[in-house]
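Hi,

Here's the structure I said I'd pass along.

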Amino acid sequence: MISRREFMQASLATSALMTGSGLGNWSRAMAQQALTQDQLLQFDDFGNLTLIHVTDTHAHLRPIYFREPDTNIGVGEAAGRVPHIVGEEFQRMFGIAPGSPEAYALTYPDFVDLAKAYGRMGGFDRIATVVKSIRSARPDSLLLDGGDTWQGSYTSYQTRGEDMVRAMNLLGVDAMTSHWEFTYGTDRVHELIGMMDQPFLGANIFDVEWDEPAFEPYEIFERGGMQIAVIGQAFPYLPIANPRWMFPEYSFGIREERMRSVVNEVREKGVDLVVVLSHNGFDVDHKMAGRVEGIDVILSGHTHDAIPEPVLVGETIIIASGSHGKFVSRVDLDVRDGRMMGFRHKLIPIFSDVIEPDAEMNELIEEVRAPHKEVLEEVVGQTEDLLYRRGNFNGSWDDVICDALLAERDAEIALSPGVRWGASVLPGDITMEDIHSVTSMTYGQAYRTEMSGEMLKTVMEDVADNIFNPDPYYQQGGDMVRVGGLGYTIDIHAPMGSRISDLTLLRDGSAIEPGRDYVIAGWASVNEGTEGPQIWDVVADHIRNHGTVGAHDASPITVKQ
C-alpha cells in the first residue's frame, strides 16, 4: 500500500510551468507564434480544493519586464538547493530548454533578446483573466495574497496604497498578509484595512504594550464542505529592515512557538487543511516546515523566488510564486478525512501579449493612472544596456542609483539598500515610471553624512551576516547593500565580523582607513527625521544631466564562496 508521503512525492510529477506539451523543445520563433492563452491556462482538475497564490507584486498594476537573478547564494543547509540555483543550472535542473518561454520567465540568460521575443509579463488585468478562468472551473477556489502588495510604484505612493486595495477587492482576494504595507504607518494601515474586502492576517504581529496578538492570526474558510484554516505570517523582521518609528505599536518575529500554537488551535477546531500564508522568505519557510508539525501547505513570499515545482519538506509542500505579477500559482489538492492526500500544481506565467486583459480590471487601472499619466510617461533619458535589480549584489539599476548619489550629492561613497523590488528596463527610453519602480517608498530621502572607515566596515559586516548567516532564522531580509565608489571582497563562509575585506576607495584606489571619515550618500534610512531630496528626483536629475546611462563595473566586488 502506498504511503501518504509516497503519494505526495508522486504528485510532484504533476507539477508544470505551462502545459507539459514540450514548449521547451520548440524554437523561439515557433513558441512565440504558438503560445496561446488556452495553453497557459490548461489544467486537468484534480482533487476537491484549489488554492490560487500571488505574492510580492509590489504595486505593479501594468505588465513589466523583470529579469531573474544571476546570483542567489545559499548558505548552510540551503547551499545548492532551490531557490539558490540560477541560470543554466536552473534550466538543467528543471529540464528547461534555452531560449524557451520557460527560460525567459524563470532565468536570466539572453534576457534582452528573449524579452524582445516574448514581451512583458504580469499586469493585474491579465492576472484577473487567469483568476476568473480558474474560478470558472473551480468556483470554491481560495485566492491568497502573500503581501508586499501596496508598495513599489508611483501610483501606490501617490494614493498611499489605495490603488492596490481597490485592485485586490476587484480581483476577489480572500486573505492577505504583509510586509512593506506597514511603511505607510500604523494609521494608514488601519485606514486601508477598513477599505478591504478580505482579512489582513498576521499571527506573529503583537501589540508592544500588552504583548498580545494585534491582528487576526487566521481565517477559517468553508469550501466544498471542508474547513480550511489560512494562517497569516507577516515579515518577521519589519522593525529591523524598515523604520520602527512608522509602526511603534507592534512587534514581529518568526515566533515559531506561536505558529505551533496556532496550528494546534485550528487543528483542535477540526479543520481539514492548514495553509500558512507566509512572508517569511523561502529558507525560513523551509526550516519552519521541518520544525512545526501540522502544516499542509506554505505559500511562500518575500524572497521573490519562482520555483516551477513545490518543495516537499516532510508532509508539507512549499509553493513559491515569484514576484511583480509574473506568475500565478494554482494548486489543486485532494483533501480527505482531514488530511492532504495529494496535489497537482502549476506555476502559470503571465505573458501579457498572450493573455487577454480583463476589461473591468483594465478600466480600474486606467482610472488610477489617468491623473498621473504625464508624470508616468515622461521620458527622462535613455539606457544603452539592460537595467535590472535582482541578486545578492549590485545590479545595473543599483549602479545607476549609486552613480546618481555620488554625482548629485557630491559624495565619495554611495550606499543603496539591498531591496529586490523594481522592474527591469530594456535598452532605450527610461521613463519616470521606471525610476519610481525601483525607488518608490515612503522614506526615500537621500541623505549625506560622514562615516568612519571602521563604521563603514561594521555596517557592511552586519548586512553580510544578515544575508549569509547559515541559520535562516537569523537572515533578516533583503540582499547585500549596494555600493558606489567602493570596492571590496566578501567571504560568505567567514564568521560574523570577518566577511568583508579589501575595502577600497575607487576615487583614488586607496585602502579604506578605519580612522578616516568619508562622505557617504545614501537613501532609505530607517532613522526618523532624515533630511534630503527624494531619491527619485536625484536619479532623474542625474539621468537628465547625462542623457544616456549604461551598465559598467561601478563597484568591483570579489565574492569568495
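Let me start with a hairpin: β13 and β14 have 2 residues between them, and D337 in that hairpin takes a positive phi near 55°. Before going further, bear in mind that this is a predicted model, where local features need pLDDT of at least 70 and side-chain atom pairs count only at pLDDT 80 or more, while totals for chains, interfaces and linings use all residues. Residues are numbered from 1 along each chain as its sequence is written, and side-chain values use heavy atoms, with hydrogens and water left out.

Strand β13 covers residues 327–336 and pairs with β14 in the antiparallel sense over 10 bridges (two strands pair if DSSP finds at least two bridges between them). Strands here are DSSP runs of E with at least two residues, helices are runs of H or I with at least four, and both are numbered from the N terminus. Across the pair, L333 stands opposite F343 in β14.

A cis peptide bond joins V82 and P83, with omega about 10°. D56 belongs to that loop too, and its phi is positive, near 55°. D56 counts as buried, at 0% relative accessibility. H58, also in the loop between β1 and α4, has a positive phi near 50° and is buried, with a relative accessible area of 1%.

Cheers

Notes: Buried < 20%, exposed > 50% of the residue type's maximum accessible area, 1.4 Å probe, protein only.
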